[in-house]
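Please keep the sequence and the structure in view while reading.

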Amino acid sequence: MTALTASSGHADHGPHVPKPRDGSRRIVWHPPMNAETRPRILRWTCECRTRVYYLVVGGGRAYVRRADKQSGVDHETARMRHREADRLWMEILLGLAR
């Protein structure tokens, strides 16, 4: 059995997001824009947690979606370049951004 990496996951299972570290970067979250006609989810965190993060691409841009299963409310980051979204994704997985 191999360990899951930041880019792996299957059927509702992905990496667990740690608690934010002291001094972690604060992410500005916005209500969902639904700007893309066909958004594609590239990566996700484990569905066993109350808060699930998704790395989404569409329309030539990328962003992170945060879904709170308890409240049923989703939020998204601003659209950004794929490289910037990948960096933010890794920061979330390492507890460096929240």
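How many of the eight residues of E3 are buried? Seven of them are, so strand E3 is largely enclosed by the rest of the structure. The sections below describe the surroundings of this strand, beginning with the chain as a whole.

## Overall organisation

The model is predicted. Its mean pLDDT, the confidence that the predictor assigns to residues, is 88, and 88% of the residues reach 70 or more. Among the elements of the chain, E1 has the lowest mean pLDDT, 94, whereas H1 has the highest, 97.

Along the sequence they follow the pattern β-β-β-β-α. The chain has 98 residues, of which 37% count as buried. Where contacts link residues at least 6 apart in sequence, 53% of them join residues at least 24 apart.

## The sheet

The four strands form an open sheet in the order E1-E2-E3-E4, and their pairing is antiparallel. Strand E1 (40–44) and strand E4 (73–76) stand at the edges; each has a single partner strand, so one side of each is left without a neighbour in the sheet. On average, neighbouring strands of this sheet are turned by 30 degrees against each other, direction ignored. As a general principle, strands of a sheet pair through backbone hydrogen bonds, either parallel or antiparallel.

Strand E2 (residues 51–58) and strand E3 (residues 61–68) run antiparallel and are joined by eight bridges. Within this pair, Val 52 stands opposite Ala 67 of E3. E3 also pairs with E4 in the antiparallel sense, over four bridges; here Arg 65 has Glu 76 in E4 as its bridge partner.

Most residues other than glycine have a negative phi. Asn 34, although it is not a glycine, has a positive phi of about 50 degrees. This residue is found in the segment before E1, and at 63% relative accessibility Asn 34 counts as exposed.

In soluble globular proteins, nonpolar side chains tend to be buried together. In this chain, the largest nonpolar core has 15 residues, and those with the most contacts inside it are Ile 27, Tyr 53, Val 64, Leu 88, Trp 89 and Ile 92. E2, E3 and helix H1 (82–94) each supply at least two residues of this core. H1 gives the most, with five residues.

Ile 92 shows how separate parts of the sequence come together: leaving aside its neighbours within four places in sequence, its contacts are Val 17, Pro 18, Ile 27, Tyr 53, Val 64, Ala 97 and Arg 98.

Tyr 63 is found in strand E3. Is this residue buried or exposed? With a relative accessible area of 1%, which is under the 20% limit, Tyr 63 counts as buried. Beyond its neighbours within four places in sequence, the contacts of Tyr 63 include Tyr 54, Leu 55, Val 56, Glu 76 and Ala 85. Tyr 63 and Arg 81 are 18 residues apart in sequence, and their C-alpha atoms are 8.3 Å apart in space.

## The cysteines

A disulfide is a covalent bond between the sulfur atoms of two cysteines. How many disulfides does the count come to? The count is zero. The closest cysteine sulfur to that of Cys 46 is in Cys 48, at 3.2 Å, which is too far for a bond, because the two sulfur atoms of a disulfide must lie within 2.5 Å.

Cys 46 is buried, with a relative accessible area of 3%, whereas Cys 48, at 53% relative accessibility, counts as exposed.

How values were computed. Residues numbered from 1 in each chain as written. Predicted model: local features only at pLDDT ≥ 70, side-chain atom pairs only at ≥ 80, totals over all residues. Heavy atoms only, no water. Pairing = 2+ DSSP bridges. Axes fitted to C-alpha atoms, helices over the stretch in contact; angles between N-to-C directions. Core = buried A, V, L, I, M, F, W, Y, C linked by side-chain atoms within 4.5 Å. Buried < 20%, exposed > 50% of the residue type's maximum accessible area, 1.4 Å probe, protein only. Contact = heavy atoms within 4.5 Å. pLDDT = per-residue confidence, 0-100.
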